[in-house]
Amino acid sequence: MKTLFATLCLVFFVSISFAQEEKYQYLESVKVGNTVYQLNYLSKDNSFIIQIKLADTTGKTDEYGWDVDKSVLAQGIVQTMNATFSEDYIYDNLGNQQNGLLAIKEKVLQRKRDALQEEQRILNDIDNAEDQYSGRLSLNETAVIRKINAHKNCKEGSDIQVVKSSLDGSQTIKLNRALVQFFNNKASSIYVEATYKNERLIFVNNSFSVPLRWFNNYGMRVSATTSNCQEIWIDYNDVFDFQSDQFFNYSIANDQVELSTETKEKSSQPVVQRRFFDFFTGVIYSDVLGLNSSNSNSVLNAQATLLVPMNTRNWGEWTATRQFIASVSVALNNSFEDDTRFMGFQNNENVNEFDLYTKRNINADIYLDLISYESKGWFLNTSLGYKGSYYRTGYRFTDVTDNLDNVTEGQVFTTGHGPYLNFEFRPQNNFGADVNFNYEFFEFSDQILLGETDFEDMVLNQKGDLLHVKANFYWLTNPKNSDGGIYASLGMTYHTGTDGVFPQLMVGYATNLTSFVNRFRSNNTPKEAAD
């Protein structure tokens with residue numbers, strides 16, 4: 001499954017170029033007649049093209065499938081030379097020079113095989129890479145009691161004495177064991193068992209998750225209540241010690257660490273570092289509404305998402321710049337053979353600006369959570385953030401004249417930006433969900449001239465902004481053996497200029513849901529922690 005996921009990410013990011021520029025690679029130099037030509041090649045999934053270059057002049061052969069006969073390819077190269085460089089070679093009269101041309105196909109095939117083997121080697125390295133460690137987490141033997149209060153639920157008139165004092169650090173509590181579960185670079189669950197005056201106390205972070213940096217800094221506290229109604233407060237910096245193997249490395253894999261002061265060996269454990277590809281997920285999904293041939297929804301789509309937890313500043317439940325998300329989606333059925341997937345128009349016709357969104361074939365988004373609030377009891381993070389978007393949309397312009405219709409096809413680019421409100425639901429099971437509300441300032445960001453007509457000023461009409469409402473759902477299908485699962489999304493976009501609505505219902509498979517599903521469940525978790 002890691003290989004499938006890595007393949008999706010590599011192929012997806014390498015193959016998508018916003019400029020869509022063809023990049024030829026050098027193959028070899030061949031001598032035909034008395035002239036030496038440079039041959040380059042462009043390799044595609046099912047075909048290839050040979051480029052012939054002499055000084056600053058280049059020519060290209062037709063596009064050939066991989067099953068083309070080697071003699072047909074050789075003759076095509078000679079024909080391209082004749083047409084491009086005004087030569088007059090006759091293939092059948094080239095004698096021994098034919099052998100070099102006949103070998104071209106096999107050399108291109110070998111280059112493709114070498115590239116596939118190198119890609120497979122990289123993927124194998126990813127799959128078989130040993131775990132790297134961010135550092136070592138240790139449980140201290142004692143922790144200083146920072147504050148003792150009367151518990152708020154103490155009964156009035158109780159004869160139980162509650163100590164209230166500004167402690168000087170002389171009072172401590174004995175630590176016995178701890179269980180820490182990490183999710184998205186935070187300790188989402190912390191269970192600490194301690195002894196105070198022969199009484200067993202349980203400290204659980206019921207209010208907020210704790211970033212790892214607070215194990216080395218004061219400011220994150222947790223409390224437990226004694227039988228005589230004393231509320232004991234300790235700081236996580238007194239409980240734990242994190243020694244980083246690398247300078248300020250707080251990138252932690254979603255994992256669980258159990259510590260005990262019973263022995264020195266049990267009191268300290270290495271913490272696994274999160275791998276680079278753990279931040280990515282690849283999704284192949286279908287927009288079910290695209291099954292209606294009259295809709296512009298794309299039936300088959302591919303998406304790659306990068307989620308980077310940041311947790312720059314924390315104040316209890318509040319976090320500044322909690323995470324950064326970058327996502328790229330591609331409509332795989334985006335050819336000009338399907339008139340619902342591009343904008344088609346003629347002379348003196350206008351294009352609805354909303355079509356730039358509904359018929360897009362590439363969509364890139366960047367999200368930054370500016371401020372977040374954690375409602376831990378609801379497994380919920382509520383974030384206010386800002387989003388930037390990029391869209392690419394195909395068009396076909398037909399210049400109708402009395403004699404001949406001239407057709408121009410191309411791509412136009414649009415950008416957007418605006419605030420969003422996101423509700424992120426991450427219960428500790430095999431399910432996760434997001435609900436996002438986003439207002440987007442929608443702007444055409446290209447310069448296209450169609451003859452003497454400016455695309456933006458003369459063709460686009462009914463301009464406006466976008467309002468997005470979207471709910472995403474994630475399910476792990478086989479959590480014991482795989483990080484992949486079902487991805488589903490229900491969304492609607494409203495365009496203020498046209499009052500148009502674009503619904504989407506997407507279902508697919510995601511290769512890596514470790515950033516979207518908090519699925520820790522351990523048989524070693526004490527009952528008090530679960531409660």
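The report covers aromatic pairs, charges over rings and a surface patch.

This is a predicted model, in which local features need pLDDT of at least 70, side-chain atom pairs count only at pLDDT 80 or more, and totals for chains, interfaces and linings use all residues. Residues are numbered from 1 along each chain as its sequence is written, and side-chain values use heavy atoms, with hydrogens and water left out.

The structure holds 25 aromatic pairs (rings of Phe, Tyr and Trp, the last by its six-membered ring, with centres within 6.5 Å; planes under 30 degrees apart are stacked, over 60 edge-to-face, the rest tilted). Two of these pairs are tabulated.

| Pair | Centre distance | Plane angle | Class |
|---|---|---|---|
| Phe48 and Tyr64 | 6.3 Å | 40° | tilted |
| Tyr367 and Tyr420 | 5.4 Å | 75° | edge-to-face |

Phe48 is in strand E3 and Tyr64 in strand E5, so this pair ties together parts 16 residues apart in sequence (strands are DSSP runs of at least two residues, numbered from the N terminus). Phe48 is buried at 0% relative accessibility (buried means under 20% relative accessible area, with a 1.4 Å probe and protein chains only). Tyr420 is buried at 3%.

One aromatic cluster is formed by Phe354, Tyr357, Tyr391, Phe442 and Phe502. Arg360 lies over the face of Tyr357, 4.1 Å from the ring centre (CZ of Arg or NZ of Lys within 6 Å of the centre and within 35 degrees of the ring normal). Lys147 lies over the face of Trp233 at 5.0 Å from the ring centre.

Methods
Helix = DSSP H or I, 4+ residues; strand = E, 2+ residues; numbered from the N terminus. Buried < 20%, exposed > 50% of the residue type's maximum accessible area, 1.4 Å probe, protein only.
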